Amino acid sequence: MESAQAWIGAKALLEWYVELGAVDAVGDAPVNRYELAETAPKPRSVARSAHAPLALADAPKTDHLAQARRLAGAAGDLAALAAAMRGFDGLELKKGARNFVFADGTPGAPVMIVGEAPGADEDRIGKPFVGRAGQLLDRMLAAIGLDRASAEAGRAVYITNVLPWRPPGNRTPTAEEMAMMVPFLERHITLAAPEVLILMGNVPCAALIGRSGILRMRGQWTQALGKPVMPMTHPAYLLRNPAAKREAWADLLEIQAKLRQGR
Ligand code: URA
């Protein structure tokens, strides 16, 4: 009886965690945190003597934004940019991610798609847009003759995200996280040199054109880094709101017409 109740209690607790947004187990073995409390280390004092070096709290913080700008500016090609981003330690969420997710498709393709950040499937596989939203994106692209697996000039597409690491629980990236990655993203676009950018949802719009409100912005051409930009609703939104697919289809036709003009 007691163990049945313990099981029900544990299940309710787990469901509550899931409701709060927990999606991953952190360890394989259970930890009894009531026992840990007894042995928890006391916080260490950071008082320092007159001759001691600076305590950690006093040390100047690395200026990660300046570092991001420097690293991005120094990257001469996409491989160097990927290496610089992979080694960048300015974002805490790097520590919780399984994989660094850089890009997929063909660099130099006429169309470059910018999404938000990897989700669970992308984090596991190490490529952008490979989960359900990514599968819908592939079908949307196919509808206008584009294919991330093709290197043919008329069909190729290149795909990345604002953030290369998955935010825990798929939360929306913070303004600080986005700002930190914008220098890398801008360099990424410059090096990939697409003709047209497609921004999927609010996060890439905020990062590259400093605006959000995707439901108002979608379907209207704008500019970023001297390139035509089409904001679209994110495929994950379309999965939740199938009625919005009609507008997304109109946006895809706009993109197709723009690409044809350039040929
Ligand atoms: N959503 C995104 O914005 N990017 C991905 O890579 C996957 C889901």
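Tryptophan 165 is buried, with a relative accessible area of 2%. The model is predicted. Tryptophan 165 belongs to one aromatic cluster with Phe100 and Phe102.

**Aromatic pairs**

- The structure holds three aromatic pairs.
- The rings of phenylalanine 100 and phenylalanine 102 are stacked, because their planes lie at 25°, under the 30 degrees cut-off. Their centres are 6.1 Å apart.
- Both partners are buried: phenylalanine 100 and phenylalanine 102. Phenylalanine 100 has 9% relative accessibility, so it counts as buried.
- Phenylalanine 100 also pairs with tryptophan 165. That pair is tilted, with 50° between the planes and 5.9 Å centre to centre.

**Charge over a ring**

- Lysine 258 lies over the face of tryptophan 221. The distance from the ring centre is 4.6 Å.

**Nonpolar cores**

- The largest nonpolar core has 42 residues. Those with the most contacts inside it are Phe102, Tyr158, Val162, Met181, Phe184 and Leu199.
- Elements giving two or more residues to this core include helix H3 (64–74), helix H4 (78–87), strand S2 (111–115) and strand S4 (196–200). Helix H8 (175–192) is also among them.
- H8 gives the most to this core, with eight residues.
- A second, separate core has 22 residues, including Leu137, Ile159, Met232 and Leu252.

Notes
Residues numbered from 1 in each chain as written. Predicted model: local features only at pLDDT ≥ 70, side-chain atom pairs only at ≥ 80, totals over all residues. Heavy atoms only, no water. Core = buried A, V, L, I, M, F, W, Y, C linked by side-chain atoms within 4.5 Å. Buried < 20%, exposed > 50% of the residue type's maximum accessible area, 1.4 Å probe, protein only. Helix = DSSP H or I, 4+ residues; strand = E, 2+ residues; numbered from the N terminus. Phe/Tyr/Trp six-rings, centres within 6.5 Å; stacked < 30°, edge-to-face > 60°. Lys NZ or Arg CZ within 6 Å of the ring centre and 35° of its normal.
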